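Have the sequence and the 3D view open as you go.

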Amino acid sequence: MRIILCGAPFELVLARTSDPPAIGESSDTNRTITIDPSYPLEVRNETLCHEIVHMMLAMTGLCHNLTEQQEEAVAQGIGLALAHLVKHNPDLIAILTKEKT
């Protein structure tokens with residue numbers, strides 16, 4: 001599946017990661033996000049949001065202002081918040097993408 005992040009196409013791959021036991025991994029160079037499909041849906045969704053935050057930080061250059069530990073903390077916190085926002089507000093995507101009529 002292809003997704004667009006910060007105007008760039010990324011391939012979303014459901015497969016085991018190259019570094020188990022990591023649930024997800026991402027590469028701004030290869031423009032891929034890989035999520036291990038063997039985990040429960042909620043864990044996969046939280047991990048996907050976590051990896052999306054990493055890629056947003058990389059694509060905007062904000063990762064250069066953070067240490068590795070700081071970036072991981074931001075991805076963990078914002079990724080979890082984003083996953084919960086989408087989960088608990090299922091109509092949100094429709095509201096954000098609906099053209100005003």
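**Briefing: sheet, helices, cysteines and pocket**

Strand E2 (residues 8–14) and strand E4 (residues 32–35) run parallel to each other, paired over 4 bridges. Strands (E, at least two residues) and helices (H or I, at least four residues) are DSSP runs numbered from the N terminus, and two strands pair if DSSP finds at least two bridges between them. Please keep in mind that this is a predicted model, where local features need pLDDT of at least 70, side-chain atom pairs count only at pLDDT 80 or more, and totals for chains, interfaces and linings use all residues. Residues are numbered from 1 along each chain as its sequence is written, and side-chain values use heavy atoms, leaving out hydrogens and water.

**The sheet and its helix**

- The open sheet has 4 strands in the order E1-E2-E4-E3, with mixed pairing.
- Its edge strands, E1 (2–5) and E3 (24–27), each pair on one side only.
- Helix H1 (residues 41–60) lies across E1, E2, E3 and E4, at about 160° to E4; axes are lines fitted to C-alpha atoms, for helices over the stretch in contact, and angles run from 0 to 180 degrees between N-to-C directions.

**A closer look at Ile3**

- Ile3 belongs to strand E1 and is buried, at 17% relative accessibility. Buried means under 20% relative accessible area, exposed over 50%, and partly exposed in between (1.4 Å probe, protein chains only).
- Beyond its neighbours within four places in sequence, Ile3 is in contact (heavy atoms within 4.5 Å) with Ala8, Pro9, Phe10 and Ile33.

**Cysteines**

- There are 0 disulfides, a disulfide being a pair of cysteine sulfur atoms within 2.5 Å.
- Cys63 is buried, with a relative accessible area of 16%, whereas Cys6 is partly exposed at 47%.

**The largest pocket**

- The largest pocket has a volume of about 350 Å³. A pocket is an open set of points on a 1 Å grid over the protein atoms alone, where a 1.4 Å probe fits, with protein on both sides within 12 Å along at least five of seven lines; lining residues have an atom within 4 Å of a point. Points are joined across faces, edges and corners, and the volume is the space filled by probe spheres set on them.
- Of its 16 lining residues, Asn45, Leu48, Cys49, Ala83 and Val86 are the closest to the centre.
- H1 gives the largest share of the lining, 7 residues.
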